[in-house]
Amino acid sequence: MNGTMTATGTAAVTLQVALVAAGAPLLAGLMRQVRALLEGRVGPGVTQPWRDLRKLLRKEAVTPAGTGPAFRLGPLVLVATTAVVAALVPLASTATPVSGGADLILVVALLALGTVALALAGLDTGTAFGGMGASREMTVAALVEPTILLAVFALSIPAGSTNLSAIVSGGIHDPVRLASPAGLLSTAALAVAVLAETGRLPVDNPATHLELTMVHEAMVLEYAGPDLALVELGSQMRLTVLLGLLASLSAPWGIATTASPAALVLALVLLAVKVALLGAALAAAEVFWAKLRLFRVPELLAGSFLLALLAVTASYFLTGE
Amino acid sequence: MTDSVYTQLLDLACGAFLLAAVVVLWLRQLSSIVQVFALQGVALAAVAALLGLHEDRLGLLAVAAGIGLLRAGALPRLMLRALTAGTPHRSHPHYEEDVSESRETRPLVNVAASLLSAALLTLLAYAVSRPLVELHSTPATRALPVGLAVVLIGFFTLVTRRRALAQVVGFLLLDNGITVTAFLAASGVPLIVELGVSFDVLLAVLVLQILTTRMRAAFGGTGIDDLRELRD
């Protein structure tokens, strides 16, 4: 019994990471395709990001003169931390060997580590754009991390634990929690934080290369070849993991809580469907949004921080002890 | 209606009530602020109606209907009318700085800081009302801090906004907060007092509407900073 449980749990973790890594470029492709169709273009197809990655991986690795280890390690750290987060977060199953370590604070710290690694890489190039992008990225990150912490913390109060698996399985067994004011507020706050953390509209425009407005793109401007492929893959995986986390916390139905292989397969399929739906909805919404002015971004993030704080107070005081 | 459903719905209504007050601080467009204020009126009426249903008091339901009509219907309409009356029609639509009356362009405290202040005020309200909640802990009294928080946020809006209409909304937020505190703490005040308060608020808004029109005639705008001297 224990043996099969561990085996299914290990399979769940492996499949989760594999699904995120393989599905992330497809998600990006899907979002671009939805956007293209809504704008009346034909679009390059869902698999275009994979073709881009393959093309970049075949190229020769070039690093700018004068860059140090921070520049070379940045993409690796980004992809590695995101893969660890994908393994920890209960995307498909809450009964995995690593679910005991799926602590909220650890997950946020890993995400921050990836952000900082990329910002250091941007600074390491010594160009004006790299430094500007890094400084903007850190401004946004400093406002986003507390919001994510607080938003999930609001959900963790009824569960009595900051373990993400415990929060998700609590949500499955007691769906009333999700529709309470605290649940709704923290979902809204988390959604804004995810948009900012992954550099989507209205915080950052992922398609722009206009120097005045770029945030994420300015940091990675000097990358080429396989390194650029890793950076692209890393940011696509981050988007997938964070959308998956949002789906797990706000709509946890279908996530396997036991060690049965059938439930695991169902959970993986549902995960793909949920993330694809969220991504398509986000892409459709982005057609109608404009990018915020950079100086208005702190306003948006302060608002989402306030929503998260209200969620914490509501879940602490309103429901009572 | 079972107890748990009642608690859920009451919490939801109180959450929406508090959220509306916060969103008023977040927005700049005065017409959107008025719309959010109307939504808050709906949440307030819902709180009153839920309390009435829970305690089987028909009078409270009637009060809820009256509050809904006044605060989600009449007052927002009056304010929108005051707003549209002063919007000049642009004859030459070219690019220029937005100096029209429809936006709260420069609040005394910027939006990010006022949102953080709203967070602090909410925590303060929870801290202050702790002893009150411990006196008699029911779902309604546990939501009491929401009322106090809206009173504080309304007061904050009143002192930090420059446009007369935004200040009117701040005043009305204050009043909404007082009303919801009365409902949550004591299931509402006697009907005659409630009627008196409602007419008072209606009159205040009417007077302020006239005052805004006069201000616009005298100064060409409703920026409060222009009011420097007192005359009789």
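This is a predicted model: local features need pLDDT of at least 70, side-chain atom pairs count only at pLDDT 80 or more; totals for chains, interfaces and linings use all residues.
User: Which residues of helix 7 of chain B meet helix 8 of chain B?

Analyst: From helix 7 come B:Ala164, B:Leu165, B:Val168, B:Leu172 and B:Asp175. Facing them in helix 8 are B:Val201, B:Val205, B:Leu208, B:Thr212 and B:Met215. By class, that contact divides into eight nonpolar, one polar and one charged.

User: How do you know that helix 3 and helix 4 of chain A are roughly antiparallel?

Analyst: Helix 3 (residues 69-88) and helix 4 (residues 104-124) of chain A pack at about 165 degrees, with axes 8 Å apart. The cut-off for roughly antiparallel is over 145, so the pair in chain A is described that way. Helix 3 of chain A also passes helix 4 of chain A in a left-handed crossing.

User: What residues make up the contact between helix 3 and helix 4 of chain A?

Analyst: On the helix 3 side, they include A:Phe71, A:Leu73, A:Gly74 and A:Val77. On the helix 4 side, A:Leu110, A:Leu111, A:Gly114 and A:Asp124 are among them. The residues of this contact divide into 16 nonpolar, four polar and one charged.

User: What does chain B give to its contact with chain A?

Analyst: Chain B gives 20 residues, and chain A gives 16. Helix 1 (3-26) and helix 4 (111-135) of chain B each supply at least two residues to the side that touches chain A. Helix 4 of chain B gives the most, with nine residues. By class, this side of chain B has 14 nonpolar, four polar and two charged residues.

User: How many helices and strands does chain B have?

Analyst: Chain B has eight helices and zero strands. Along the sequence, its pattern reads α-α-α-α-α-α-α-α. Of its 232 residues, 42% count as buried.

User: What percentage of contacts in chain B join residues at least 24 apart?

Analyst: Among contacts between residues at least 6 apart in sequence, 72% do.

User: What pLDDT does chain B average, and what ipTM is given for the complex?

Analyst: Chain B averages a pLDDT of 82, and 88% of the residues score at least 70. The predictor gives the complex an ipTM of 0.75 and a pTM of 0.84.

Technical notes: Residues are numbered from 1 along each chain as its sequence is written. Chains are lettered from A and ligands numbered from 1 in the order in which they are written. Axes are lines fitted to C-alpha atoms, for helices over the stretch in contact, and angles run from 0 to 180 degrees between N-to-C directions. Helices (H or I, at least four residues) and strands (E, at least two) are DSSP runs, numbered from the N terminus. Angles under 35 degrees count as roughly parallel, over 145 as roughly antiparallel, 65 to 115 as roughly perpendicular and the rest as oblique. A crossing is left-handed if the near helix is turned anticlockwise from the far one by less than a right angle, and right-handed if clockwise. Two residues are in contact if their C-beta atoms, placed from the backbone, lie within 7 Å. Ala, Val, Leu, Ile, Met, Phe, Trp, Tyr, Cys and Pro count as nonpolar, Asp, Glu, Lys and Arg as charged, and the others, Gly among them, as polar. pLDDT is the predictor's confidence in each residue, from 0 to 100. A residue is buried if 20 or more other C-beta atoms lie within 10 Å of its own, exposed if 12 or fewer, and partly exposed in between; C-beta atoms are placed from the backbone.
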